Amino acid sequence: MPARGRYCRNAFIVFSLLEYLISLLVTGAFLAAILKQVGVSDAVTGVVSSIISLSCVSQLFSGMLIKPGRSVRRTVVTLIAVNQLMFSSLYLIPFIPISQGVRTALFVFMILGAYFLENLAHPVKYDWLMGFVDPGERGRFTARKEIISLIGGMLFTLAMGRIVDHFNEIGRERTGFILCGVTIAVIAVLCSALIRSVDDAPQSREKSVSFGQQVRTIGSLITSNHVFRKLLLVDIIWKSAIYISTPYFGTYLIGELGFSLTAVSLIGIVSGVSRALISPVYGRYADRQGFAKALASGFMLAAAGFLICSFAHPGSTRMLYVVYAVLNAIAYASINGGLVNITYEYIDKELFAYALGAKSAVSGAVGFLVSLLGSAVVRSVQARGSMILGRTVYAQQILSMVSFLLIAALILYVRTIVFKLPRVDTNQRT
């Protein structure tokens with residue numbers, strides 16, 4: 001049914017947009033603003049921001065969601081609905097009349113639980129919805145999907161940032177935060193309604209995966225599949241590079257650099273437009289040359305962005321952060337979908353969900369541990385008054401340079417190792 005397949009693909013695009021809108025309100029400067037209301041330090045804010053990485057461990061268990069007679073659609077809808085409502089509650093927690101310690105613990109529990117459920121559903125959800133896309137068009141489809149999400153996200157963050165800033169200016173911070181929470185709840189309802197309208201996955205009635213089988217399959221991938229291990233290392237290095245620094249950028253933006261949430265949203269618009277213009281180019285390039293080559297070019301832009309960000313400083317050079325944001329956004333036009341879709345190129349389809357889950361879980365756990373090192377750097381530098389050898393140097397500048405060095409090493413690894421890996425025949429996939 002070509003018409004039905006087209007509808008499912010379009011529904012996937014709109015659903016991705018709605019999910020993206022929710023993610024924008026629980027990451028970056030918005031998350032930093034919530035945690036500021038909770039009353040935690042910059043170092044703790046960075047650790048909480050990186051919890052998304054630790055929650056990727058739940059992807060190890062995603063294969064257990066597939067059972068004979070169980071609807072993949074129903075399972076995914078349930079998990080997504082609960083996780084998005086948990087996100088909505090984050091904006092209410094700062095105003096609950098309890099001690100700061102309990103409030104912080106509750107916040108961590110809710111955000112970790114929300115991301116745990118989101119990641120648990122992700123491999124099965126992605127494999128199900130990408131099943132409606134022709135293998136030879138995955139790069140271009142991913143680009144179209146991301147462009148729509150970016151355009152919608154730019155307008156959305158500008159509006160929400162202005163709303164929060166307005167209520168902050170008139171001394172009604174609680175109203176702005178409550179509106180953000182209500183907005184997430186409304187989008188969550190739309191997400192559930194839309195995903196319910198997509199055709200179910202046929203494999204939901206053909207496969208059954210026990211916990212033991214899940215563990216054995218993943219263990220076999222890690223110990224016996226040399227191709228998978230090489231792809232896994234790509235994810236590990238990349239997650240290490242971004243989680244050593246980016247969880248601490250939110251507080252840097254609205255703190256030392258002095259940007260308002262409206263200004264942060266405008267930076268997001270500039271970055272998003274840049275990414276939207278480049279995404280189709282990367283999509284076509286990936287479909288022709290492969291996702292490995294597309295990833296390598298994306299990593300080069302990301303490395304350049306972090307190098308420039310290491311010089312961003314309060315005052316005249318703070319605008320270098322905008323340059324970083326633009327380069328990083330363009331890089332993600334390749335990296336965001338490339339890290340997932342490269343798995344299709346080198347891993348057999350029946351192992352895709354396991355491979356994707358294992359990559360996210362292992363690299364996510366490593367990323368979280370690395371973020372703790374970043375937290376230690378932030379605490380140490382701030383304890384010194386951000387003074388190193390008589391000069392004012394902020395922790396985020398140091399961490400940006402570390403990210404640059406890690407990504408530079410990753411580029412060399414991809415070009416010398418990943419480029420030479422044998423691909424599977426994606427044309428046999430339907």
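Where is the place of Asn 119?

1. The model is predicted, and the points below should be read with that in mind. Asn 119 has its place in helix 6, which covers residues 100-130. Its relative accessible area is 8%. The cut-off for buried is under 20%, so Asn 119 is buried. Leaving aside residues up to four places away in sequence, Asn 119 touches Ile 52, Ser 55, Cys 56, Ser 58 and Gln 59.

2. The buried residues in helix 2 are Ala 29, Phe 30, Leu 31, Ala 32, Ala 33, Ile 34, Leu 35 and Val 38. Gly 39 follows helix 2 and has a positive phi, near 100°.

3. Helix 7 (residues 138-169) and helix 12 (residues 261-289) have axes that come within 8 Å and cross at roughly 175°. Angles over 145 degrees count as roughly antiparallel, and helix 7 is therefore roughly antiparallel to helix 12. By class, the residues of the contact of helix 7 with helix 12 are 12 nonpolar, 9 polar and 8 charged.

4. Helix 10 (residues 226-243) packs with helix 14 (residues 320-346) at an angle of about 160°, and the axes are 10 Å apart. The two helices are therefore roughly antiparallel to each other. Helix 10 passes helix 14 in a left-handed crossing. From helix 10, the residues that take part are Val 227, Leu 231, Val 234, Asp 235, Trp 238 and Ile 242. They meet Tyr 332, Ile 335, Leu 339, Ile 342 and Tyr 346 in helix 14. The contact of helix 10 with helix 14 comprises 10 nonpolar residues, no polar residues and 1 charged residue. Asp counts as charged, and Asp 235 is among the residues of helix 10 in this contact.

5. Helix 13 (residues 291-309) and helix 16 (residues 395-416) pack at about 160°, with axes 8 Å apart. That angle makes helix 13 roughly antiparallel to helix 16. Their crossing is left-handed. On the helix 13 side the contact is made by Ala 292, Ala 296, Phe 299, Met 300, Ala 302, Ala 303, Phe 306, Leu 307 and Cys 309. On the helix 16 side it is made by Ser 400, Met 401, Ser 403, Phe 404, Ile 407, Leu 410, Ile 411 and Val 414. The contact of helix 13 with helix 16 has 15 nonpolar residues, 2 polar residues and no charged residues.

6. How many aromatic pairs does a search of the whole structure find? The search finds 13. For Phe 249 and Tyr 324, the ring centres are 5.5 Å apart and the planes stand at 85°, so the pair is edge-to-face. This pair links distant parts of the chain, with Phe 249 in helix 11 (residues 249-254) and Tyr 324 in helix 14, 75 residues apart. Both Phe 249 and Tyr 324 are buried. Ring pairs also link Phe 249, Phe 306, Tyr 321 and Tyr 324 into a cluster. Phe 306 of this cluster is one of the residues of helix 13 in the contact with helix 16.

7. Thr 246 is located in the loop between helix 10 and helix 11. With a relative accessibility of 28%, Thr 246 counts as partly exposed. Not counting residues up to four places away in sequence, Thr 246 touches Phe 306 and Tyr 324, and both of these belong to the aromatic cluster. Thr 246 and Ser 316 are 70 residues apart in sequence, with a C-alpha to C-alpha distance of 21 Å.

8. Is Gln 397 buried or exposed? Gln 397 lies in helix 16 and is buried, with a relative accessible area of 10%. Not counting residues up to four places away in sequence, Gln 397 touches Tyr 252, Ser 310, Phe 311, Ala 312, His 313 and Thr 392. Gln 397 and Arg 4 are 393 residues apart in sequence and 50 Å apart in space, C-alpha to C-alpha.

Conventions: Residues are numbered from 1 along each chain as its sequence is written. This is a predicted model: local features need pLDDT of at least 70, side-chain atom pairs count only at pLDDT 80 or more; totals for chains, interfaces and linings use all residues. Side-chain values use heavy atoms; hydrogens and water are left out. Axes are lines fitted to C-alpha atoms, for helices over the stretch in contact, and angles run from 0 to 180 degrees between N-to-C directions. Helices (H or I, at least four residues) and strands (E, at least two) are DSSP runs, numbered from the N terminus. Angles under 35 degrees count as roughly parallel, over 145 as roughly antiparallel, 65 to 115 as roughly perpendicular and the rest as oblique. A crossing is left-handed if the near helix is turned anticlockwise from the far one by less than a right angle, and right-handed if clockwise. Contact means heavy atoms within 4.5 Å. Buried means under 20% relative accessible area, exposed over 50%, partly exposed in between (1.4 Å probe, protein chains only). Rings of Phe, Tyr and Trp (its six-membered ring) pair if their centres lie within 6.5 Å; planes under 30 degrees apart count as stacked, over 60 as edge-to-face and the rest as tilted.
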